[in-house]
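Here are my notes on the model you sent.

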Amino acid sequence: MKPDTSKPLRLYLIRHGETEWSLSGRHTGRTDISLTENGEDEARELGKRLVGISFAHVLVSPLKRALQTFELAGLDKIPEIEPDLAEWDYGEYEGQRSVDIRKERPDWNVYLDGCPHGEMPAQVSDRADRLLARLCEMDGNIALFSHGQFSSVLAARWIGLAVANAQHFMLGTASLSIFTFDPHHPTVPVIALWNAVSHEIFSTVSSHSVGGTMTAKERSLARWENEGGEIPQPKPSRENSIVPLTKLAAWQALEKHYPKVRELHLRKLFADDPTRGNRMTVEAVGIYFDYSKHRITDETIELLLQLAEESGLGSRIDAMFRGEKINVTEKRAVLHVALRTPKGESIFVDGVDIVPEVHAVLNKMADFSTKVRSGAWKGYTGKPIRNVINIGIGGSDLGPVMAYEALRHYSQRDLTFHFVSNVDGTDFAEATRDLDAEETLFIIASKTFTTLETMTNAHTARDWVLKTMKDPAAIARHFVAVSTNAGEVTKFGIDTTNMFGFWDWVGGRYSMDSAIGLSTMIAIGPEHFHAMLDGFHQMDEHFRTAPFERNLPVLMGLLGIWYNNFFAAQTVAVLPYEQYLKRFPAYLQQLTMESNGKHVTLDGTEVDYQTGPIYWGEPGTNGQHSFYQLIHQGTKLIPCDFIGFVQPLNPLGHHHDILLANMLAQAEALAIGKTPQEVSAEGTLESLAPHQTFEGNHPSSTILLERLTPMALGKLVALYEHCVFTQGTIWQIDSFDQWGVELGKSLAKQIVTELESGATGQLKHDSSTNMLIRRNTIV
């Protein structure tokens, strides 16, 4: 029977009684041993503390020592066996003591390092989270009979701490702890009682297995010292929750593995394994991903997947989708995935379901877009809109520009679209050249409506419109805003009815499918825009649910880690063989480099490894006659992403076959190369042979889709978004802030004043900057 929902949830966490191994400090994971005589007495004493408590459920670990403790405690309730309450799986360390393990691994700590062939911290954390999620669906008093180290993890996760912090929760045998919620703040989890070890906690108890007598407290401390050699002390770092990346077992295994793979040639890997081209592929949500042309073996992939597990990637993904504030420096949720969540589903931020808000904005965008596309929206003088100019910067420009160019095939061709981002006056002048102001609509995209570059261009646009129409009332018919600052929008002259909002839980570089995409929706129409959102969502769900070994963004991200951190590759080339994707590499530059161009971890510690690489690229086949020479025969290792589509949008003769043939040929040539023997066999002059030899062994991924549609674009963008997320998680950085853009902006405001004043005052920059300011003032 379901318990009375008026009763608040209280979890009574009970560690089993003493065993021979717990007393001696031997790690007891899945070994099924019984309680000692003293452990049986402990369990009976514990039962006395539980008399009179009515339990809605009693959940017990399947291991004998927990079941015995339940039986001796005498609870009048049929137990439910709960596998997730089992102790940490210690793998190779089963039956060993911490002090002995540390003779081989001096810094070993189960909460930080896990156990070879057993469970890693992230796996135990995931197990605890899974159990707590189920428990939170229940009500009333619930008894949990479990084990020492898993219980410590359960405590840490209950109050939102990382698994590493579980090392600070000391727990005796046959102890009682209580988890509940703060009665004054019902959403705040608290630990109301911790490690109570019977009503005789300060009295003596007879020892059956060790001579003499000890207090229960002394006995508990003795066990703790046997198990770990010391009581954990806080480390001097700012945050104890992050295990350094380079200390993870998988990272260290990859360091040992790398020299074995470094000299392997792809030519040999393919020759030795005829099935490689079939095995090392994944197909999901309409994307075929071939990663066989990478300098990896099956062991490489296994270790990379282990790295993802040890890094807590699964927990981090879940945290993002739950709306947790994983952007730690700005204390914000990271929920671009909510922008494409279907109507009827729910995602909560600070207790508010944000999905209805998202769809309200989408509906408002659709209504406005339809009016503009149909000609129902008229300018101030009654003319329909023929020109749309988006004014923004960063994500408010790069996303809309890329999406428009990528989906131009689907755009309404009697409308022209322009994009202004650069504060250089040339950008605005060229965008508006030969346009009729009476037929032009401006979209001003600025969350605060105070961004210097955007508002400088916006005021220039306002002046340009008023130069023709004179009346300030015209502004309301020729300007709309994507912003959250109603006051500044009104002051500018825009009707707030035509203000489209967005939220602080979506960053600019992740916002192309929010109201920032208004120009995209006007261009391609609401139906195509929703198809793009569906593509995003399909990839979101794939990323959230697919096992890592079949998870496209995870595999892409891990391969990037492999080259960036072990081969010391500094760049990634993105090579779309589709002219409509000509702006895609530029879009990815902000997405990847602004996200992962960080030098400190989440806790502010300086990293001692490389983080985000440089992304760049150009559509094929033009790039082949530009920089491919360097990729093929230069001295840099440059992993490449080839992106192709089976069906063309504009079929013309053999054009598409030639295009795809070039893409496939380039990937093959980069991987296999051409040996000196093959060059000589063609009759090449000996003096030219070195120049015509291709070393090969240059890695690449091939990403194939059926056709470039709005849905396909959504999938492709989300693929790279989640690849960025994967890498940021493993590098332990905040992929969602961008403090690196602030210093230059701040200095620029000061220098603007100095330039406009003629640099008459004392300049306080470095000597070079001072001279350049004066030079520009003189000129």
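1. Val285 counts as partly exposed because its relative accessibility is 24%; buried means under 20% relative accessible area, exposed over 50%, and partly exposed in between (1.4 Å probe, protein chains only). Its phi is near 40 degrees, a positive value in a residue other than glycine. Val285 is found in the loop between strand S9 (281–284) and strand S10 (287–290). Helices (H or I, at least four residues) and strands (E, at least two) are DSSP runs, numbered from the N terminus.

2. The basis of these notes is a predicted model, in which local features need pLDDT of at least 70 and side-chain atom pairs count only at pLDDT 80 or more, while totals for chains, interfaces and linings use all residues. Residues are numbered from 1 along each chain as its sequence is written, and side-chain values use heavy atoms, with hydrogens and water left out.

3. His117 also has a positive phi for a residue other than glycine, near 60 degrees. The residue sits in the loop between helix H5 (110–113) and helix H6 (121–135). With 70% relative accessibility, His117 counts as exposed.

4. A further backbone point is the cis peptide bond that joins Gly620 and Thr621, with omega about 10 degrees. Thr621 belongs to the loop between strand S19 (614–617) and helix H24 (628–633).

5. On overall layout, the chain has 30 helices and 21 strands. Its C-alpha atoms fill a box of roughly 95 × 75 × 60 Å, taken along the principal axes. Of the 779 residues in the chain, 54% are buried. Among contacts (heavy atoms within 4.5 Å) with a separation of 6 or more, 72% are between residues 24 or more positions apart.

6. The chain is divided into domain 1 (9–201 + 216–227), domain 2 (264–294 + 552–737), domain 3 (348–524) and domain 4 (740–777); these bounds come from an automatic or database domain assignment. The centres of domain 2 and domain 3, taken over C-alpha atoms, are separated by 34 Å. The contact between them takes 24 residues from domain 2 and 17 residues from domain 3.

7. UniProt, in an unreviewed entry, places the feature "binding site" at Thr28, Gly29 and Arg65. These residues span 38 residues in sequence, yet no two of their C-alpha atoms are more than 11.1 Å apart, so they gather at one spot. The UniProt positions are given in the numbering used here, feature names are shortened, and annotations may be inferred rather than shown by experiment.

8. Thr28 lies in the loop between helix H1 (20–24) and helix H2 (37–49) and counts as buried at 10% relative accessibility. Leaving aside neighbours within four places in sequence, Thr28 is in contact with Trp21, Ser22, Ile33, Arg65, Glu87, Tyr90 and Glu94. A polar atom of the Thr28 side chain lies 3.0 Å from the backbone oxygen of Arg26. Gly29 lies in the loop between H1 and H2 as well, and is buried at 0% relative accessibility. Not counting residues up to four places away in sequence, Gly29 touches Leu63, Arg65, Glu87, Trp88, Tyr90 and Glu94.

9. The structure holds 33 salt bridges, each a side-chain nitrogen of Lys or Arg within 4 Å of a carboxyl oxygen of Asp or Glu. One of them joins the side chains of Arg30 and Glu119 (3.4 Å, N to O). This pair links distant parts of the chain, with Arg30 in the loop between H1 and H2 and Glu119 in the loop between H5 and H6, 89 residues apart. Arg30 is partly exposed at 39% relative accessible area, whereas Glu119 is buried at 13%.

10. Asp436 forms a salt bridge with Lys383, the closest N and O atoms being 3.1 Å apart. Here the two residues are 53 residues apart, Asp436 in the loop between helix H16 (425–432) and strand S15 (440–445) and Lys383 in the loop between helix H14 (355–374) and strand S13 (387–391). Glu82, Asp84, Arg130 and Arg134 are linked in a network of salt bridges.

11. Asp182 lies in strand S5 (residues 176–182) and touches Val188 and Val190, not counting residues up to four places away in sequence.

Key:
Polar contact = N/O pair within 3.5 Å; in protein donor to acceptor, adjacent residues only side chain to side chain.
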